[in-house]
Amino acid sequence: MVDYLVVGLGLAGISFCEKLEAEGKSFRVISDNSQQASLVAGGLYNPVILKRFTMAWKAKEQLEKAMPFYQGLERKLNVKLDEKIPVLRKFASIEEQNTWFEAADKPGLDYFLSTNIIKNENPSIDAPFGFGEVKHTGRIHTNTLIASYGEYLEQNGLLQKETFDFSCSEAFNDHISYKSIKAKQIVFATGYGLKNSPFFNYLPLNGTKGELLTIKAPDYKETRVVKSSVFTIPLGDDLYLVGATYKWKDKTNMPTEDAKNELLEKLKTFLQCDFEIVNHVAGIRPTVVDRRPLVGQHPEHKNMYVLNGFGSRGVMIAPYASEQLFDYIETGNELDSEINIDRFTKKYYSN
Ligand SMILES: Cc1cc2nc3c(=O)[nH]c(=O)nc-3n(C[C@H](O)[C@H](O)[C@H](O)COP(=O)(O)OP(=O)(O)OC[C@H]3O[C@@H](n4cnc5c(N)ncnc54)[C@H](O)[C@@H]3O)c2cc1C
């Protein structure tokens, strides 16, 4: 009997496994590659909402947990995961510059928003009103993390690469059985795959498809993230990620021509140098109706839990939400009411 069975090895599953290991709990992981969000993510951590110049939900608290978390993983896995990069927000007008300055005066935001206007000196960009700089931002190499964490678990015999087959699981009072595994608790961290779960599919996970291009643009010569109508994120070797789209209907991981054209159209409003497309990826963000994570205990099966709903900010939210869930299960600490799935219990009983 192990303490935990974790289903899903994206940012959510990895963060929870790390908490389990730190607390000396035994566990096994089952994951497939049906969902791609953590693999294809831009990986940015940026606590400021760049549309409105406001702080994202609990962003400072999350960042304070996320930074040591990824640093710890770098040491453990011996890989580079965290890259500090400032984010530049292109201003569209003088009014926007003024709104930025007002925001930069506010407590909390003042730590992140630089009060200097950065003049555009890059001939490849059209930005007559310059940029505002967000500080203390960066990028986690999520695909490196997923690959090396998977290897680490495999070397220790803790990972089974397969699709969790719900017909092979049984819930008892004091444990869950799944094929030959018996676990005291099971945590589903399956991202948009939650839709296939007979236990948690009552939860209002919408899912938002996102697509990203990789371009090669030798003349761009930009070392910072630039946010205009799209993001460009430097990858080195003249490569840049461009994204992302937000689409609510299509729930496949297939890149589409439509999204490519949309990204190119937006990119060309500010990037004025030649480039070629070298890659195109897509994934489904696990987004929730009320824009808060889905964390907590199943209404009937008391040893069954969910860790999901990180939307477009999984990098920052995952370590925070995992700690919340672990403390809730093991020490009985209250979950933050905004993330607790008990806010949707009525839906469970009305289904
Ligand atoms: C294009 C794009 C760009 C993004 N950019 C950013 C960004 O810059 N910064 C940021 O913070 N966030 C970003 N995100 C959001 C981020 O990717 C998500 O918030 C995060 O990855 C969600 O992690 P997760 O572990 O909950 O889900 P997932 O990454 O979807 O992982 C779930 C895992 O569970 C597995 N699984 C599902 N069902 C089963 C099953 N039945 N059996 C076994 N395994 C199963 C899946 O295959 C997958 O491995 C982006 C997302 C997209 C799509």
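In which loop is Glu222 found? The legends below describe close-up views of a predicted model, and the view that contains this residue comes at the start.

**View 1. Glu222 in the loop between β14 and β15.** Glu222 is found in the loop that lies between β14 and β15 (225–227). With a relative accessible area of 5%, Glu222 is buried, because that value is under 20%. Residues up to four places away in sequence being left out, Glu222 touches Asn122, Ile125, Pro234 and Tyr240.

**View 2. The open sheet of 7 strands.** This sheet has mixed pairing, and its strands follow the order β8-β7-β15-β16-β17-β14-β18. Its edge strands, each of which pairs on one side only, are β8 (131–134) and β18 (276–285). Neighbouring strands are turned against each other by 25° on average, with direction ignored. Strand β14 (residues 208–216) and β18 run antiparallel and are joined by 9 bridges, and within this pairing Thr208 has Arg285 of β18 as its bridge partner. Helix α6 (residues 257–267) lies across β14, β16 (231–236), β17 (239–243) and β18, and runs at about 60° to β14.

View 3. Asp238 has its place in the loop between β16 and β17, and although Asp238 is not a glycine, its phi is positive, at about 65°. The relative accessible area of Asp238 is 27%, and this residue is therefore partly exposed, the value lying between the 20% and 50% limits. In the loop between β17 and α6, where Ala244 has its place, the peptide bond from Gly243 to Ala244 is cis, with omega near -5°.

**View 4. The open sheet of 3 strands.** The strands of this sheet, in the order β3-β9-β6, show antiparallel pairing. The edge strands are β3 (44–45) and β6, and each of them pairs on one side only. Between β6 and strand β9 (residues 138–140), which run antiparallel, there are 3 bridges, and Asp82 stands opposite Ile140 in β9.

**View 5. Asn78 in the loop between α3 and β6.** Asn78 has its place in the loop between α3 and β6 (82–84), and its phi is near 60°, a positive value in a residue other than glycine. Is Asn78 buried or exposed? Asn78 is exposed, because its relative accessible area of 70% is over 50%.

View 6. Leu145 touches Leu11, Ile14, Tyr70, Leu73, Leu77 and Leu81, when residues up to four places away in sequence are not counted.

View 7. Ile186 is found in strand β13 (residues 181–188). Because its relative accessible area of 1% is under 20%, Ile186 is buried. Once neighbours within four places in sequence are left aside, Ile186 is in contact with Leu5, Val7, Phe164, Ile176, Asn303, Met304 and Tyr305. One of these, Asn303, is 117 residues apart from Ile186 in sequence, while the C-alpha atoms of the two residues are 6.3 Å apart in space.

**View 8. The surroundings of the ligand.** How many residues surround the ligand, and which are the closest? The ligand is surrounded by 35 residues, of which Asp32, Ser38, Leu44, Phe164 and Gly311 are the closest. An N or O atom in the side chain of Ser38 is 2.5 Å from an oxygen atom of the ligand. A polar backbone atom of Ala37 is 3.1 Å from an oxygen atom of the ligand, and a polar backbone atom of Ser312 is 3.1 Å from a nitrogen atom of the ligand.

Terms used
Residues numbered from 1 in each chain as written. Predicted model: local features only at pLDDT ≥ 70, side-chain atom pairs only at ≥ 80, totals over all residues. Heavy atoms only, no water. Pairing = 2+ DSSP bridges. Helix = DSSP H or I, 4+ residues; strand = E, 2+ residues; numbered from the N terminus. Axes fitted to C-alpha atoms, helices over the stretch in contact; angles between N-to-C directions. Contact = heavy atoms within 4.5 Å. Buried < 20%, exposed > 50% of the residue type's maximum accessible area, 1.4 Å probe, protein only. Near = heavy atom within 4 Å. Polar contact = N/O pair within 3.5 Å; in protein donor to acceptor, adjacent residues only side chain to side chain.
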